[in-house]
Amino acid sequence: MELGLYTFGDVGTDPVSGAAVDPALRLRQLIEEIALADEVGLDVFGLGEHHRPDYAVSAPAVALAAAAGRTSRIKLSSAVTVLSSDDPIRVFQQFATLDNLTDGRAEIIAGRGSFIESFPLFGHDLEDYEDLFEEKLQLLMALNEGEAIRWPGSTHTHAIPGRGVYPRPVQETLPIWRAVGGSPQSVARAGALGLPMALAIIGGQPARFAPLFDLYRKSAAQAGHDADALKTSLNVHGFVAETSQQAADIIYPAQAEVMNRIGRERGWGPTDRAQFDAARGPDGAQFVGSPAELVDKILKMHELFGFDRMLIQMAIGVYDHAQLMKAIELLGTRVAPELRRAVG
């Protein structure tokens, strides 16, 4: 089982210290975080694409390329690439370039994104939300199959009459994951396409999502794919510190500020510490605690889901960078080794 991290590069003000973090500082911190994750033996680091003032990462491939020279082993991925509002050819070229810079460590996690700002920014109609993603994903997959692409075109993509797309990746093909957020239709589609699936769980009880993994594998098998060979990932919120109380006290103020701010935009009710603490329990969606607690909870979820990878979003909101670096160190040196011993 692989263990890694993902983040969106939050900027703003630390709700505890009042310290300000601007995009320039946050991007420099990100490179340090990715370098440390590589040093302590984590398997994957992902950066999510957003087009809002509260996030520094709008171009994941550029930020990941900046980390390429500081790392030697860790896989570098988007988490996610908002493919609906991007050009699949440019996405492929950017990550193929990253693959060459890293000697074969680039990945793409393609999704529709959790925000809609990129649609009007790049001139797309939200009424085409579903079709844009599906058509562009098909083109991205076709680009991955070989040097020359013949593409008939579709409603939202242009025809390509046998043109070469360069550079080609170091890997035979770029790993392309499909990100899903709990929609059975998206899960079934990922299986039918034979793409590895990354399922994000940020609330409720994770166990209720387990049937989606069964649906994914069933859909893959029905489409003629080897379901046992397809990889799956669980992407969650979490944090680790020496003690459970320390972990909760560090992450809660920043996470609550983010979730309540987004909640006001979307009409969610406010969150509070009692809800957060309840979600830290064995059956909740918050993977927050000591190294031993995280090991136990991840292994419990692994037994339930049978996933190949877990990615944890620890940097949610703005808080002390030194505390985050310590958490990365603990995840790599104390959580990951125990998981590998247990799972193999």
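Proline 167 has a relative accessible area of 31%; since buried means under 20% and exposed over 50%, this residue is therefore classed as partly exposed. Please bear in mind that the model is a predicted one.

Where in the fold does proline 167 lie? The residue sits in the loop that links β9, residues 160–164, to β10, residues 176–180.

Which residues does proline 167 touch, once its neighbours within four places in sequence are set aside? The contacts are with Phe92, Gln93, Ala96, Thr97 and Asn100. For alanine 96, the separation from proline 167 is 71 residues in sequence, while the C-alpha atoms of the two are 6.2 Å apart in space.

Let me now turn to the whole chain. Contacts between residues 24 or more positions apart make up 71% of those with a separation of 6 or more. The protein chain contains 11 helices and 14 strands. Its radius of gyration is 19 Å, close to the 20 Å that the globule rule gives for 344 residues, so the chain is as compact as a globular protein of that length. Along the principal axes, the C-alpha atoms fill a box of roughly 60 × 45 × 40 Å.

Of the 344 residues, 54% are buried. The accessible surface amounts to about 14,400 Å², and carbon and sulfur atoms account for 52% of that area.

Definitions and conventions. Residues numbered from 1 in each chain as written. Predicted model: local features only at pLDDT ≥ 70, side-chain atom pairs only at ≥ 80, totals over all residues. Heavy atoms only, no water. Helix = DSSP H or I, 4+ residues; strand = E, 2+ residues; numbered from the N terminus. Rg over C-alpha atoms; globule rule 2.2 N^0.38 Å. Buried < 20%, exposed > 50% of the residue type's maximum accessible area, 1.4 Å probe, protein only. Contact = heavy atoms within 4.5 Å. Areas by Shrake-Rupley, 256 points an atom, 1.4 Å probe, with all protein chains shown as cover.
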